[in-house]
Amino acid sequence: MITINKVSKVFPQRKGGVYTALDQISLTIQQGEFVSIVGPSGCGKSTLLNLIAGFESSDIGSIEVNGEKVTAPGPDRIVVFQEHGLFPWLTVLDNVAFGLKQTGLSKKERYLLAEEQIKAVHLRKFMDRYPHELSGGMKQRVAIARALVMDPDILLMDEPFAALDEQTRFILLKDLEEIWLKTRKTILFITHNIREAVMLSDRVIVMATQPGRVKKEYIVQAARPHVSSDPLIHFLENKIMDALTDELEKVVREELGNEYSIKKNAISNSPADSVGVGI
Ligand SMILES: Nc1ncnc2c1ncn2[C@@H]1O[C@H](COP(=O)(O)OP(=O)(O)OP(=O)(O)O)[C@@H](O)[C@H]1O
Ligand SMILES: [Mg+2]
């Protein structure tokens with residue numbers, strides 16, 4: 001369980017003063033829950049994830065994971081970024097097995113575990129390839145396998161599919177849901193893609209910006225696996241789009257002045273078969 005208790009984070013600004021990136025965020029994420037965060041660019045999504053990962057520390061408030069205060073990164077929380085960060089000089093198998101070196105397992109055990117995770121992300125045939133020989137989607141699968149092989153309690157995913165085309169993204173999304181249904185890891189997933197968030201999550205948090213805070217949350221009570229044709233999924237996508245459009249409008253007004261406005265639903269009028277309902 002992740003408990004975020006009135007967390008604030010400020011960054012000093014070059015011109016002097018400070019910028020409040022997060023303002024009194026409180027959030028509880030249950031063991032085994034899949035939670036997504038959406039919000040305008042700059043609202044502090046990555047900052048929050050970095051605090052949970054232990055890469056940064058909060059100025060006020062505290063974060064606890066399974067009752068223990070987060071003070072540094074730990075093997076119970078693994079981060080998957082948009083940039084897959086694979087070692088280019090290692091094969092898929094070696095990349096996935098790499099993190100297990102410090103675990104005290106024998107080489108045979110390490111490679112057996114790595115193979116198991118590579119199979120789980122459907123890359124069995126590509127184990128001996130190097131990263132440059134893989135597509136973007138495959139690289140991201142390797143990154144997921146490399147995180148899963150460490151058997152963390154929590155996966156922290158910061159826009160992991162953002163650089164992928166829509167079809168690849170959709171396939172990976174379904175694979176991630178399948179992996180989650182099997183492993184029931186706690187997953188915190190950041191995305192700009194509302195459909196992705198609703199399709200994957202038990203709960204979607206919408207953040208507001210300047211300062212970053214929790215605006216609203218939506219519980220996705222649809223049957224698993226989630227299907228995009230489910231009217232509840234569609235309904236929630238529209239609700240979240242409305243909440244986000246309001247928020248975006250505020251940002252745009254701030255930047256461009258009052259004469260500029262965004263038409264409600266203008267962004268969600270993409271073709272029905274598109275998975276790119278994102279902002
Ligand atoms: N190290 C830093 N120093 C100063 N300001 C920072 C630092 N890191 C983040 N910020 C500021 O804090 C705010 C939140 O940044 P953050 O990267 O968390 O946003 P985000 O919601 O992840 O945005 P995006 O959707 O574009 O990834 C931004 O205004 C950013 O400029
Ligand atoms: Mg970010």
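I take two strands to pair if DSSP finds at least two bridges between them. Helices (H or I, at least four residues) and strands (E, at least two) are DSSP runs, numbered from the N terminus.

I worked on a predicted model, in which local features need pLDDT of at least 70, side-chain atom pairs count only at pLDDT 80 or more, and totals for chains, interfaces and linings use all residues. Residues are numbered from 1 along each chain as its sequence is written, chains are lettered from A and ligands numbered from 1 in the order in which they are written, and side-chain values use heavy atoms, without hydrogens and water.

Entry: strand 9 and its partners.
I looked up the hairpin of strand 9 and strand 10, which has four residues between the strands, and found Gln210 with a positive phi near 50 degrees. Strand 10 (residues 213-219) runs antiparallel to strand 9 and is joined to it by six bridges. Strand 3 (residues 34-38) runs parallel to strand 9, with four bridges.
I then checked burial (buried: under 20% relative accessible area, 1.4 Å probe, protein chains only). In strand 9 (residues 203-208), six of six residues are buried. One side carries Arg203, Ile205 and Met207, the other Val204, Val206 and Ala208.

Strand 4 (residues 60-65) and strand 5 share two bridges; Val65 has Glu68 as its partner.

How values were computed:
Buried means under 20% relative accessible area, exposed over 50%, partly exposed in between (1.4 Å probe, protein chains only).
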